[in-house]
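Biologist: I am new to this structure. Could you take me through it?

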Amino acid sequence: MQIRAFCQVVKWGSVSRAANDLFRTQSAVTRAIRDLEQSMEVTLFERHFSGMILTDYGRAILPRARRAIEELQAIPAILERLKPAAGPGREYVEPVWLFNARRLQIFLMLWSVNHTQSVARLLNITQPAVSAALKMLEKGSGFTLFRRTPEGVMPTPAAQAIYPGISRALNELRLIAADISARRGILEGEVRIGALPLSRTRLLPGAVSQFLRDYPTIRVMTNESPFDALVSEMRAGNIDFIIGALRDCEGTDLSVEPLFEEEMLVLARVGHPLQHQPVTPEALTRARWVLPRAMTPARQLLEAAFREMGLPAPQPRVETGDLAMVRGLLLDSDMLAAVSASQLAVEIESGVLAPLPLTLSGTRRAIGLTFRIGALPSPAAAALLEAIRQVAHSQ
């Protein structure tokens with residue numbers, strides 16, 4: 001509610017007009033702004049006879065504050081789409097039941113741990129307080145949000161529908177402190193990255209190392225889940241961006257930024273029987289393969305390359321996206337792997353793995369960054385993105 005009051009005072013330039021819009025007293029709005037300024041330890045407005053004027057700190061947090069409120073204001077429309085189509089739609093009513101950070105924290109925590117007693121313990125509150133918060137959310141939404149099952153308290157379809165917006169809103173609030181620090185000239189906070197395999201060998205480690213030399217107090221966390229899981233996390237605001245092989249995101253809520261391109265190689269251990277002789281179709285058919293998982297872009301490109309050579313798709317003995325597993329299998333056997341050059345570049349340069357004399361046509365793919373359209377990167381994430389771009393362009 002403090003953030004909502006802040007946004008409305010900015011909109012109207014006046015406490016009295018904001019109070020009228022919010023159906024609250026002027027003293028309540030004034031107190032909300034004062035408490036917000038005290039909690040952030042900054043002055044957000046200059047008080048003039050002509051109205052309330054934003055300070056530099058107020059301007060710094062305004063985009064993220066507005067985004068948090070917009071995320072919550074969009075939830076009634078999401079819920080309305082879940083209701084039967086019969087009858088006219090309800091008139092929009094601002095979801096004041098959502099404007100409570102602790103209530104939203106309880107929702108997200110219950111979503112994650114599926115147990116009310118665990119939520120109470122983790123948040124250091126009572127179980128009745130958890131139940132009361134959930135009751136307020138269900139009354140406001142008009143839906144049952146969680147059901148008791150043998151596996152725990154599980155989210156209903158309505159909870160699943162509103163989870164991303166609530167998560168994004170709280171993540172925006174979490175980043176306001178970092179915006180204020182950046183306005184003071186101090187970069188702080190954390191960066192959360194969805195790291196796909198093609199980024200994890202050289203590009204991302206090099207960029208993070210360079211970044212931490214300049215900003216040693218920033219915490220960097222990576223998530224190595226499959227692409228679809230990373231997209232879900234990014235849509236909830238739980239990761240800042242994804243780096244790795246790009247997918248076709250046209251027509252979605254995602255945007256991409258290519259950094260470079262590279263082709264796939266067939267790798268084997270040094271001394272492999274095929275290393276210094278022509279690789280015949282028969283040899284490829286007989287080979288034992290360790291390959292990316294089915295339906296991944298790398299696997300699809302490899303199978304297309306084999307079709308172009310008039311060969312059946314290679315049949316894997318092992319399917320894995322773990323480069324440590326690929327490396328170990330190649331070093332300890334005569335298996336072959338199809339990977340991008342950068343994935344095992346250290347092993348190639350050190351002479352323990354070698355590319356076979358075989359061209360996989362049509363396997364060139366773009367490596368880069370994937371974002372959620374409209375997302376506001378934190379100051380720390382923006383700085384790390386710049387480091388990534390510098391490292392990519394220097395390769």
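Biologist: In what order do the five strands of the open sheet lie?
Modeller: The order is E11-E10-E12-E9-E13, with mixed pairing; strands (E, at least two residues) are DSSP runs numbered from the N terminus, and two strands pair if DSSP finds at least two bridges between them. This is a predicted model, where local features need pLDDT of at least 70, side-chain atom pairs count only at pLDDT 80 or more, and totals for chains, interfaces and linings use all residues. Residues are numbered from 1 along each chain as its sequence is written, and side-chain values use heavy atoms, with hydrogens and water left out.

Biologist: Which strands stand at the edges?
Modeller: Strand E11 (316-319) and strand E13 (353-355) do; each has a single partner strand, so one side of each lacks a neighbour in the sheet.

Biologist: And in what sense do E9 and E12 pair?
Modeller: Strand E9 (residues 264-269) and strand E12 (residues 336-340) pair in the antiparallel sense over four bridges. Met-264 stands opposite Ser-340 in E12.

Biologist: Which helix packs on the sheet?
Modeller: Helix H14 (residues 323-331) does, touching E9, strand E10 (289-291), E11, E12 and E13. Helices are DSSP runs of H or I with at least four residues, and contact means heavy atoms within 4.5 Å.

Biologist: Turning to the whole chain, how many helices and strands are there?
Modeller: The protein chain has 16 helices and 14 strands.

Biologist: What percentage of the residues is buried?
Modeller: Of the 395 residues in the protein chain, 46% are buried, meaning under 20% relative accessible area (1.4 Å probe, protein chains only).

Methods:
Buried < 20%, exposed > 50% of the residue type's maximum accessible area, 1.4 Å probe, protein only. Axes fitted to C-alpha atoms, helices over the stretch in contact; angles between N-to-C directions.
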